[in-house]
Amino acid sequence: MVLSVNNMGDKTLHSKLMVDVVIGPVLDKLEKKDISAAQTLRRAIAKAEGTVPGLTYDLILGLMKKGDVADRVDVCETLLRLGGNNDSEELIIPRPESSFKTLFKCACDLKVILSRIPNQIYDRKQFLETIKEIANSIKILLDAVNQVITQMPPSESGSKQILEERKKEFVRYSKKFSNTLKEYFRDTNQNQNVFMSANYLIHQTNLILKTVKQECC
């Protein structure tokens with residue numbers, strides 16, 4: 001069954017992830033054939049989401065219902081499985097310096113590991129190993145972000161502060177993810193909460209990539 005959206009925040013998260021992992025790659029393909037049309041659609045979708053948060057979720061869910069498949073797709077779990085997709089141009093950092101390349105790779109690695117959760121959560125031993133991988137990947141990503149911040153010139157102090165704030169937000173959601181895992185091991189019926197928390201962490205990882213691209217490229 002489709003996972004019901006618990007609150008507007010969850011719906012908005014789903015919508016943003018749909019833009020990143022579903023619509024983004026489609027627009028990337030369109031851009032190769034008609035760059036003007038692709039850019040127009042990107043701006044329109046961004047504006048629509050800004051005006052009506054969750055609009056993309058409503059649109060895709062509506063299409064699923066029309067296709068009579070909505071009751072066979074768990075949106076939260078499906079988005080998590082797709083969260084390891086790193087093909088979207090919106091998330092790619094073009095800077096050639098090693099620190100930027102390392103940050104991009106670390107972010108991609110973390111998202112791929114998180115996207116494996118639905119396949120591994122029901123095997124306790126395997127899932128515990130995955131949790132260790134996630135914890136290590138989070139640490140490595142934070143180190144990579146710190147490295148980029150350190151190398152930013154004083155003239156980019158404003159951008160540096162923005163990235164610092166993004167990093168703090170990422171850390172906050174990392175702690176929430178850790179707490180959700182503790183709750184899950186006390187009650188293994190809360191697997192959907194783990195999926196949701198992992199999706200939030202993927203979204204925060206994407207925001208780091210977008211922030212670096214916006215502020216440093």
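Mentor: A helix here is a DSSP run of H or I with at least four residues, and helices are numbered from the N terminus. The model is predicted.

Trainee: In which helix is arginine 42 found?

Mentor: The helix that holds arginine 42 spans residues 35-51. That helix is α2.

Trainee: Is arginine 42 buried or exposed?

Mentor: Buried means under 20% relative accessible area. Arginine 42 has a relative accessible area of 15%, so this residue is buried.

Trainee: With which side chain does the side chain of arginine 42 make a polar contact?

Mentor: Leaving out residues up to four places away in sequence, arginine 42 touches Gly24, Leu27, Asp28, Glu31 and Glu90. The polar contact between side chains, at 2.4 Å, is with aspartate 28.

Trainee: Which element gives the most residues to the largest nonpolar core?

Mentor: That core has 52 residues, and Leu103, Leu114, Ile117 and Phe177 touch the most other members. Elements that give two or more residues to the core include α1 (8-33), α5 (98-115) and α8 (157-186). The element that gives the most, with 11 residues, is α9.

Trainee: Which residues of the chain is leucine 103 in contact with, leaving aside neighbours within four places in sequence?

Mentor: Leucine 103 is among the core residues that touch the most other members. The contacts of leucine 103 are Ile93, Leu141, Ala144, Val145, Val148, Ile208, Leu209 and Val212.

Trainee: What is the relative accessible area of leucine 128?

Mentor: Leucine 128 has its place in helix α7, residues 124-151. Its C-alpha atom is separated from that of isoleucine 117 by 10 Å. Leucine 128 is partly exposed, and its relative accessible area is 35%.

Technical notes: Residues are numbered from 1 along each chain as its sequence is written. This is a predicted model: local features need pLDDT of at least 70, side-chain atom pairs count only at pLDDT 80 or more; totals for chains, interfaces and linings use all residues. Side-chain values use heavy atoms; hydrogens and water are left out. Buried means under 20% relative accessible area, exposed over 50%, partly exposed in between (1.4 Å probe, protein chains only). A nonpolar core is a set of buried Ala, Val, Leu, Ile, Met, Phe, Trp, Tyr and Cys residues joined through side-chain atoms within 4.5 Å. Contact means heavy atoms within 4.5 Å. A polar contact is a pair of N or O atoms within 3.5 Å; within protein, one must be able to donate a hydrogen and the other to accept it, and residues adjacent in sequence count only if both atoms are side-chain atoms.
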